[in-house]
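Hi everyone, thanks for making the time. Let me put the structure up, and then we can walk through a few parts of it together.

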Amino acid sequence: MGRAGADRRAPVGTVSRVMDADFFRRWMELAAAAVEREADRLTELDSAIGDADHGSNLQRGFAALVAALDKEETATPGAVLVLAGRQLISTVGGASGPLYGTLMRRAGKTLGDAAEVTPAQLAEALRAGVTAVAGLGGAKAGDKTMLDALEPAVDALGESFAAAAQAAERGALATVPMRARKGRASYLGERSVGHQDPGATSSALLIAALAEAEAAR
Amino acid sequence: MLINVPETVVADALRGIAAAHPELTVDVENRVVLRRDAPVAGKVALVSGGGSGHEPLHAGFVGPGMLTAACPGEVFTSPVPDQMVRAAAAVDSGAGVLFIVKNYTGDVLNFEMAAELAEDEGVQVAKVLVDDDVAVADSLYTAGRRGTGATLFVEKIAGAAAEEGQPLERVEAIARRVNARSRSFGVALSAVTTPAKGSPTFDLPPGELELGIGIHGEPGRERRPMMTSGEIADFAVNAVLEDLKPGGPVLALVNGMGATPLLELYGFTAEVHRVLGERGVPVARTLVGNYVTSLDMAGCSVTLCEADEELLRLWDAPVRTAALRWGR
């Protein structure tokens, strides 16, 4: 999926420092804090074109995720993401649970047992995760889903995490004029136009948290 | 709202179901409602589930002749795979388990994951998707028709087949047949308020109604000035009959969305029968009540199922659940 013919491989750019399990735990904590902070906005967006629960569902899932990271040993970046994914699948429900859970789990499995990973490896792992999400949900770019934020973010990851965060934010904003073709918003047909997709919005929060974790190093 | 805090509405309701129905096993912690006598030797088990807020669907339909277990999710949010895996393991007698899944992206994904995990644990699982709502054009451009009122028909009729001791392939085939022969259309007279949000999820002014709504407070396809009960019946029944061309008598479910009085619902039922009569469609059985609801939404839906002799026999078979009971 994605743009045909484009080179999907992220070039190795300005970000080069390796990241360990601590970095990934911090990323997840910052993502949880962002979800907590923005929960009402996510629910508000979801009430326009969905069923008004995206914020509270993710809040519950990320709180469980942080609690699990406190409790369980995670020695590697891959282990952090696999645990995160498992927690989201077990606690979020709805479509977001399996989709975000699959994103994290697949990315974590792609990272394998490495104790430290490079930004290029993270980009590759997240690309695998995004591909798995697209496969599971059957969506593609332009369908007004989380993919509209995640795909451009992954494309920009090689440049810098900040660039990825900006790309995700732009991608989320770009869902406003789109007509939803997947998920509950698709039932609205043309009436989904003019509203920002809640899933793309929460995806942008996740990538923004990654940039925040990088900036805090 | 008659609640303690939004965070505990589902658990609170489960504790209430446990208190009122000693014939059920209610696992509040893991959010599974089971027949107390499960697993039932030699019989196929039926497991369904979905977001809460549609009561009595699904927990109210657990009992002999219908579901073996139900997995309630958060309000309007599908349950998580762990719940269905736990339910399947608890109710499987060795004859296999049928998952009855309403066609929403979240339900489909979570039940699919659960089916894989349950099969890893040695449970034979079959799945049937319910997608009866004609308000959604079943095209490449949507998530497909929603599962609404036909869920009750599928659960009742497949449940009767399982109770008779029919094997998994047969129970699954009957469930699919019921779904394929059922269509629904719903109308909202007011928007729905979820406990988490505390205010209506869409803005529907008095004096207007929303046609083609789902059961999750998602807005419908079209808004119009208020219509009479008879006009709504014309619109809803004709919408269903555009898609379903019954060659014989139908089962009719005239369903309230939660906040419409039975007085109004029975008046509407008379209008539904009038339209069906005008269209030359005989009605074999009619069920009227609040069965597949949407919290505090006012409104109704009509579900028709083209019956045949076997489906009617299974429909009439005894059932003993909290919300539906007849026969011996």
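Let's begin with a pair of helices in chain A: the crossing of α1(A) and α3(A) is right-handed. Do keep in mind as we go that this is a predicted model. In chain A, helix α1 covers residues 21-49 and helix α3 covers residues 77-91, and the two pack at an angle of about 30 degrees with their axes 7 Å apart. Angles under 35 degrees count as roughly parallel, so that is how α1(A) lies relative to α3(A).

Which residues meet there? From α1(A) we have A:Ala21, A:Phe24, A:Arg25 and A:Met28, and facing them from α3(A) are A:Pro77, A:Ala79, A:Val80, A:Leu81 and A:Ala84. Sorted by class, this contact has 8 nonpolar residues, 1 charged and no polar.

Next, the place where the two chains touch. Chain B brings 31 residues to the contact and chain A brings 27. On the chain B side, the elements giving two or more residues are β4 (69-75), α2 (81-91) and α3 (105-120). Of these, α3(B) gives the most, with 5 residues. That side of chain B divides into 13 nonpolar, 12 polar and 6 charged residues.

Last stop: B:Glu271, in helix α7 of chain B, residues 262-278. Is B:Glu271 buried or exposed? It has 20 C-beta neighbours inside 10 Å, so B:Glu271 counts as buried. Beyond its neighbours within four places in sequence, B:Glu271 is in contact with B:Ser229, B:Gly230 and B:Ala233. B:Ala233 is 38 residues away from B:Glu271 in sequence, yet their C-alpha atoms are 5.8 Å apart.

How values were computed: Residues numbered from 1 in each chain as written. Chains lettered and ligands numbered in written order. Predicted model: local features only at pLDDT ≥ 70, side-chain atom pairs only at ≥ 80, totals over all residues. Contact = placed C-beta atoms within 7 Å. Helix = DSSP H or I, 4+ residues; strand = E, 2+ residues; numbered from the N terminus. Nonpolar A, V, L, I, M, F, W, Y, C, P; charged D, E, K, R; others polar. Axes fitted to C-alpha atoms, helices over the stretch in contact; angles between N-to-C directions. Parallel < 35°, antiparallel > 145°, perpendicular 65-115°, else oblique. Left-handed = near helix turned anticlockwise from the far one by under 90°. Buried ≥ 20, exposed ≤ 12 C-beta atoms within 10 Å, placed from the backbone.
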